[in-house]
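Biologist: Hi! Could you put the structure up and talk me through it?
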Amino acid sequence: MIDRDKLYQYARDIGVELDDNMLSRFRLYASELITTNKKYNLTAITEPDEVVVKHFIDSLNVLKYFDLDYGNKIIDIGSGAGFPALPLLIAKNGMLEVTFVDSVRKKLLFIERALNVCGLKGEILHERAEELGQDKDYRESYDVATARAVAPLNVLCELCMPFVKVGGYFIALKGSSDEVTDAKRAIKQLGGKIESNVSYKLPNGDPRSIVIIKKISQTPTKYPRKYKIISSKPL
Ligand code: SAM
């Protein structure tokens, strides 16, 4: 079981106020994650204190650096066990329209269960981002795209930026290394502009960074390309 007080305090330290209802939802989510992980490998992080810090607080740091508005349409690419979008949905009291995308079905089945136990709603898509990004129903139709731990930033931008409306944002949660320098060309070609790139530390001292990219013009229709090309010849 996760320590509610720790989660409450760590979230407060980054300016995120969690009420009792939200704390209960985080508890249910953690318990579903830890139980399911015994059967299916969803994440390497399953020790309750680590779930709080490395999954929940890491995800919630988005709210320290970016104002998500109630009703925002968000697409989370390579959600895995739901990070960062599910913690964001909980902290915004369910008042975001979230689409979770992953290419692995068992991860989406887990997200579906986690949403159910928390009494939350979201769209769950078993798709590859580079294919979905060419679908006109999804392309350039989100206020925000998020991704954590999916691919190097230059590759990730091509997977995520096609989903963002002009005027919207792509938010990438990263480790400590500087990936922005290598991604500058990709960001420009995909219609983006770096809004900010901030480094911070998790409560356990682990370094992290958040890169926020604003979409300033439409992404050319040739992007995203096939994954083989995106990864072998990143922009
Ligand atoms: N975002 C989660 C997190 O931070 O815990 C999961 C990270 S996990 C290392 C990467 C996830 O991205 C995996 O669940 C994988 O299936 C998914 N993924 C990788 N490439 C993808 C693609 N092209 N389209 C959709 N999902 C992808």
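Modeller: Here is a short tour of the pocket, the ligand and a few backbone details.

Modeller: This is a predicted model, where local features need pLDDT of at least 70, side-chain atom pairs count only at pLDDT 80 or more, and totals for chains, interfaces and linings use all residues. Residues are numbered from 1 along each chain as its sequence is written, and side-chain values use heavy atoms, with hydrogens and water left out.

Biologist: Great. What volume does the largest pocket have?
Modeller: About 560 Å³. A pocket here is an open set of points on a 1 Å grid over the protein atoms alone, where a 1.4 Å probe fits, with protein on both sides within 12 Å along at least five of seven lines. The volume is the space filled by probe spheres set on the points.

Biologist: And which residues are closest to its centre?
Modeller: G78, G80, R148, A149 and V150, out of 31 lining residues; lining means having an atom within 4 Å of a point.

Biologist: Which element gives the largest share of the lining?
Modeller: Helix α3, with three residues. It spans 48–65, and β2 (97–102), α6 (129–132) and β5 (164–174) each supply at least two as well. Helices (H or I, at least four residues) and strands (E, at least two) are DSSP runs, numbered from the N terminus.

Biologist: Where does the ligand sit?
Modeller: In the largest pocket, which requires more than half of its atoms to lie within 2 Å of the grid points.

Biologist: Switching topic, which residue does F83 join through a cis peptide bond?
Modeller: P84, with omega near 10°. P84 is in the loop between β1 (73–77) and α4 (85–91). Y223 and P224 are also joined by a cis bond, with omega about 0°.

Biologist: And what is phi at E140?
Modeller: Near 50°, a positive value in a residue other than glycine. E140 lies in the loop between α6 and β4 (142–148).
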